[in-house]
Amino acid sequence: MKSFYHYMMRYRGNKRMDEEKQLAEWMFKDHSFPKQSVSYDEISRYLEWNAPFAGALSLFDRLYDEYEQVEE
């Protein structure tokens, strides 16, 4: 199973700066982000303390659901 970080890197190439790209860029630049994690709880806790913008947690919830479906 690929890490959630690896899954999110697909959004870095977006032409427009949407929230998905914004979150992916932040994850890429944040050296403390748990880049090897596949754990919802670990990533969610990290985002609760370090959310880069309003709405990042709800965006994460939606994207993590998509990630789980793709990685099953």
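**Salt bridges around one arginine**

Arg 62 is partly exposed, with a relative accessible area of 38%. Here buried means under 20% relative accessible area, exposed means over 50%, and partly exposed is in between, with a 1.4 Å probe and protein chains only. This is a predicted model: local features need pLDDT of at least 70, side-chain atom pairs count only at pLDDT 80 or more, and totals for chains, interfaces and linings use all residues. Residues are numbered from 1 along each chain as its sequence is written, and side-chain values use heavy atoms, with hydrogens and water left out.

Which side chain meets that of Arg 62 at 2.5 Å, N to O? Glu 20 does, in a salt bridge. The term stands for a side-chain nitrogen of Lys or Arg within 4 Å of a carboxyl oxygen of Asp or Glu. Arg 62 lies in helix H4 and Glu 20 in helix H2, so the pair ties together parts that are 42 residues apart in sequence. Helices are DSSP runs of H or I with at least four residues, strands are runs of E with at least two, and both are numbered from the N terminus. Glu 20 is buried, at 15% relative accessible area.

Arg 62 has another partner. Its side chain also forms a salt bridge with that of Glu 66, at 3.1 Å from N to O. Arg 62 and Glu 66 are 4 residues apart in helix H4, so about one helical turn separates them. An α-helix has 3.6 residues a turn, so residues three or four places apart point the same way. Glu 66 is partly exposed, with a relative accessible area of 27%. Through shared partners, salt bridges join Glu 20, Arg 62 and Glu 66 into one network.

By this rule, the salt bridges come to 4. Another of them pairs the side chains of Arg 12 and Glu 25, at 3.3 Å from N to O. Arg 12 sits in the loop between H1 and H2 and Glu 25 in helix H2, so this pair ties together parts 13 residues apart in sequence. Arg 12 is partly exposed at 28% relative accessibility. Glu 25 counts as buried, at 14%. Side chains of opposite charge can pair when their charged atoms come close.

**How H2 packs**

Now turn to helix H2, residues 19-29. Its buried residues are Glu 20, Lys 21, Leu 23, Ala 24, Glu 25, Trp 26 and Met 27. What do they pack against? They pack against helix H1 (4-8), helix H3 (40-50) and helix H4 (56-71). Contact here means heavy atoms within 4.5 Å.

Look along H2 and H4 together. Their axes come within 11 Å and cross at roughly 95 degrees. Axes are lines fitted to C-alpha atoms, for helices over the stretch in contact, and angles run from 0 to 180 degrees between N-to-C directions. That makes H2 roughly perpendicular to H4. The word covers 65 to 115 degrees; angles under 35 count as roughly parallel, over 145 as roughly antiparallel, and the rest as oblique. Glu 19, Glu 20 and Leu 23 make the contact from H2, and Leu 59, Arg 62 and Leu 63 make it from H4.

Gln 22 is also in helix H2. Is it buried or partly exposed? Gln 22 counts as partly exposed, at 33% relative accessibility. Leaving out residues up to four places away in sequence, Gln 22 touches Met 17 and Phe 53. Gln 22 and Ala 56 are 34 residues apart in sequence, with 9.3 Å between their C-alpha atoms. Glu 25 and Ser 37 are 12 residues apart in sequence and 17 Å apart in space, C-alpha to C-alpha.

Asp 18 lies in the loop between H1 and H2. Asp 18 counts as buried, at 14% relative accessibility. Its side chain reaches the backbone nitrogen of Lys 21 at 2.9 Å.

Gly 13 is found in the loop between H1 and H2. Gly 13 counts as exposed, at 60% relative accessibility. Gly 13 and Gly 55 are 42 residues apart in sequence and 21 Å apart in space, C-alpha to C-alpha.

**The annotated span**

The UniProt annotation "domain: YozE SAM-like", from an unreviewed entry, covers residues 3-69. UniProt positions are given in the numbering used here, feature names are shortened, and annotations may be inferred rather than shown by experiment. Over residues 3-69 the chain is 61% helix and 0% strand. The end C-alpha atoms of that span are 13 Å apart.

Terms used: A polar contact is a pair of N or O atoms within 3.5 Å; within protein, one must be able to donate a hydrogen and the other to accept it, and residues adjacent in sequence count only if both atoms are side-chain atoms.
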